[in-house]
Every structure is written in C-alpha cells, then in structure tokens.
Amino acid sequence: MTPRRQRMVGTGLVMAGVALAAVLALRAFQENLMFFYSPTDVIAGSAAEGTRFRLGGLVIDGSLRRETGSMEVRFDVTDTENTMTVVYAGVLPDLFREGQGVIANGYLQADGSFRADEVLAKHDEEYMPPEVARMLEERGHPVGSGTAAIEK
Amino acid sequence: MWTWFHKLGSPPHLYRLAGKLAPWLLWIAIVLIAVGTYGGLVLAPPDYQQGDGFRIIYVHAPSAWMSMSIYTVMATASAIGLIWRMKLAFAVAAASAPVGASFTFLALVTGAIWGQPMWGTWWVWDARLTSELILLFVYFGYMGLRAAFSEVQKADRASAVLAIVGVVNLPIIHYSVVWWNTLHQVSTVTKLDNPSISMDMLWPLLVMIVGFNLFYIAILATRVRSEVLGRERNARWVGEALDDLLPENRVTA
Amino acid sequence: MTEFLEMGGYAKYVWSAFGLTLVVLVANIVVAQQQFRSVRTRLAQRWANQQQSPDL
C-alpha cells in the first residue's frame, strides 16, 4: 500500500467511525430530539401527567374559544387521529390560525386538558402570493392547512 | 486541462489568477445580490400567510445554504490536503473558515429575527436550530485549533482532521427537519423539480443564492492570496510579487 | 414609499435582518482586503531587511 493510499483509507475509516458513532448516539437520544409529541403520542403514554412537554398538532377549525373577562383561550389540537384541548393565557404568535400547526409547551391537567404557558406557531414550507392561495382555495385545493408541517 | 490543473497547483499562478479574478467575482456578486434584494423586497408579492415578514427568507436561506456549502468545501479541501499533501488545499480550507462562520452566524441571527414574529420565539432547542449552532461552534473550533499552533503544517493537519470529523453534522442539519419533530419547517427549495414556492417569489431567492456563492469565491480568492503569501514567504516569486512595495535600493543591490 | 418601508408591520424584523446581512457582507470584504494588505506590507519589510543584510 502506498503512503497516499494509506492516508486515503485512514481518512475513510475516521469518517466511517464518526458516522457510526453519530448514528448510535442519535438513536440513543431519539426521544430527546423530538421537539414535540402529538396527541396520539400523549394518549399512548409517551408523556406522563404533571411533567412538562410540548404538544404539537393542528388547531381544529372553529375550536378557538375566548373566556369572557380573562386572557384565557381554549382550542383543540389534533393530529387527525386524536384530539386534545389546550388552555392558554397569553399572546398568540402572528401565524396562529385555526387550521394551522402549533406547538404548545406545558403539562397535562387532571381533567385531560393541556395547560400551556407558551404557544408557538409552526408554519409549512409553502410560500405563495395571496391571489394564488385564493385561486387554489376556489379550485378546491385546501391551502395553509399546515398538514404538511405536522404529518411526517 | 492537466497543465491548467498543474498551474493552479503552483502558488505563484494561483496568486496571480486569484488576484485577477477577485475584483470581477466581487462585482458580479454585488450586482446579483443587489438584484436579488430588489426582487425580494420590491418585486416579489407578500406571502399569503406571513405577509411581508416572509421576505427575511431572501437573506436567511442563502446564508444557511452557504454555511453548509462552505463547510463542504472546507472539509473536502482538508481531505485533499491530508491525502495528497497539497499545501494549497490547506490554504483554501483555512481561508474558508472565517467566511463560513460569518454566514452561519448570519443564518442563526436572521432565523431568530424571523422566528420571533412568526413562531412566537427567537430560539428553541429543536434539532435544526441546535445542529446549526453546533456548526458555528465547529467553525470556531477549527479556527481556534489553527490559532493554537505556531507551525503552519501542524495547524493544517490537526485542523483538517477536525474539519473532516465535523462533516457528520452536515446531513444531521439537512435532514433534522425530516428525521425529527422540529419547530423549523422542512426545506422549500431543495425540491428543485417541485419547489413549494411560487415562481415570482423563487427567482430572487435563486439569484441571491448564486450571488452569495460568487461572493464567497471572491472573498476566498483574496484570503487565499494572503494565505499563499504567508506560506511561501521565502520563495523568490514572493519577492517579485511584492516588488511595488519594496524600496528602490533593492534593484541596485 | 412609507408603505414599502413599513413592510406590512414587519419593518423592524425585515430591515434588521437585511441590515445585519449588509454589515456582515461588508465586514467580510473589509477584513479580507485589510488582511491581504497587512500581509503584503509585513512580508515586503521582511524582504527589504533581507536585502540589506544578506548574510542573516
């Protein structure tokens, strides 16, 4: 083996070793790398009652309710299979819409609802002018549903 | 072709070629970035969801793109330097690091500025944002490691190993949005056959990306010239290249 | 014009992002060219010294 070949193989081995280590490490931390859980994950018991975690899903159309006389809002979040109610008091981000994806940070309450102290809006990767969106809408293609952002 | 390649491998040729190309590349880059900025800020329509806020994409996405492509260049040059013992490859790697770090910084900060109004937060520790932050630290580590050696050859080899090891982070950044649940959305432009963005919004973005790439090559050219001069400081051609700065008595001596 | 500057209410975000980008790009140019100039003057001095005392 020429020295150059040796160096080439050596470099290759280092890269393979690092890649393998990375794959193993990422597999081990798979759970922690998930930024949020879906309602189905929660119902399956991935998140314990009382502990803090993030809940992600789509806000169901027409589910947003404001409590009169307080800052508190309630809305239902779904992953199309299961649904959970989120209770939140605070400022909602600009992209918060019914039908859009959100990620709420908080904990499960005894009544099964999710008490959030932070709500983030998750948007999808689609960008288009308003006219195009309206046109698609008229032709029966729902846009901005955010499903692409949630369903992986 | 081969003679051309060999000439590129000779320091005085590379020094002269880079000197000739740098101003041209820089001007073309500036024009493209100006056109892309105009297209992005004025000509492109507002987004149906984010309104004018989405225009941050025109600086954020090209910066993020460059943060990764410059790293690819840096790591490839490092590997070539290690395997073929090519000094100029090390010079390219060393000259790339500060530019790459600055684009990574830009991607992170413009991303935060975009995230605040749209997501509702400047920063979250999701897989995409965290892996991009790690990229910035790898760039810093690379530059710090180089600075720790007084001998250029030792700095070259040690930092090259770091650059190659750090490559593992690139697929993690790219696929983080697919492999894990993240706040960051999946990629818009890499699906070139079917990008999720309308044409009148896409073209300024592509112009910006080309402009940023040329900008990097222009800065790289100037930085490689400095690197080559420093590395070859005792070579006769360096004396000739510095002729205009040397005192008159040199000619008579 | 003011409508353009207001950026649909996102003025501070859009302009700060573009402004920062401009600063970073300009800084890249300035730093690279200053470094090149300083390397050249430093090496030229070195060459000049060597010319004056070739035995060293």
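1. A:Asp76 is buried, at a relative accessible area of 16% (buried means under 20%, exposed over 50% and partly exposed in between, with a 1.4 Å probe and protein chains only). The side chain of A:Asp76 meets that of A:Arg65 in a salt bridge, 3.9 Å from N to O (a side-chain nitrogen of Lys or Arg within 4 Å of a carboxyl oxygen of Asp or Glu). A:Arg65 counts as partly exposed at 35% relative accessibility.

2. The model is predicted, with local features needing pLDDT of at least 70 and side-chain atom pairs pLDDT 80 or more, while totals for chains, interfaces and linings use all residues. Residues are numbered from 1 along each chain as its sequence is written, chains are lettered from A and ligands numbered from 1 in the order in which they are written, and side-chain values use heavy atoms, leaving out hydrogens and water.

3. A further salt bridge in chain A joins A:Glu72 and A:Arg115 at 3.3 Å, N to O. A:Arg115 is partly exposed, with a relative accessible area of 24%.

4. The contact between chain B and chain C (heavy atoms within 4.5 Å) takes 48 residues from chain B and 32 residues from chain C. About 3500 Å² is buried between these chains, 75% of it from carbon and sulfur atoms (the accessible area, 1.4 Å probe, that two parts lose on being put together, summed over both).

5. One salt bridge is found across this interface: B:Asp244 pairs with C:Arg40, the closest N and O atoms being 2.7 Å apart.

6. Within chain B, B:Lys154 and B:Glu151 form a salt bridge at 3.7 Å, N to O. B:Lys154 is partly exposed at 48%, and B:Glu151 is partly exposed at 41%.
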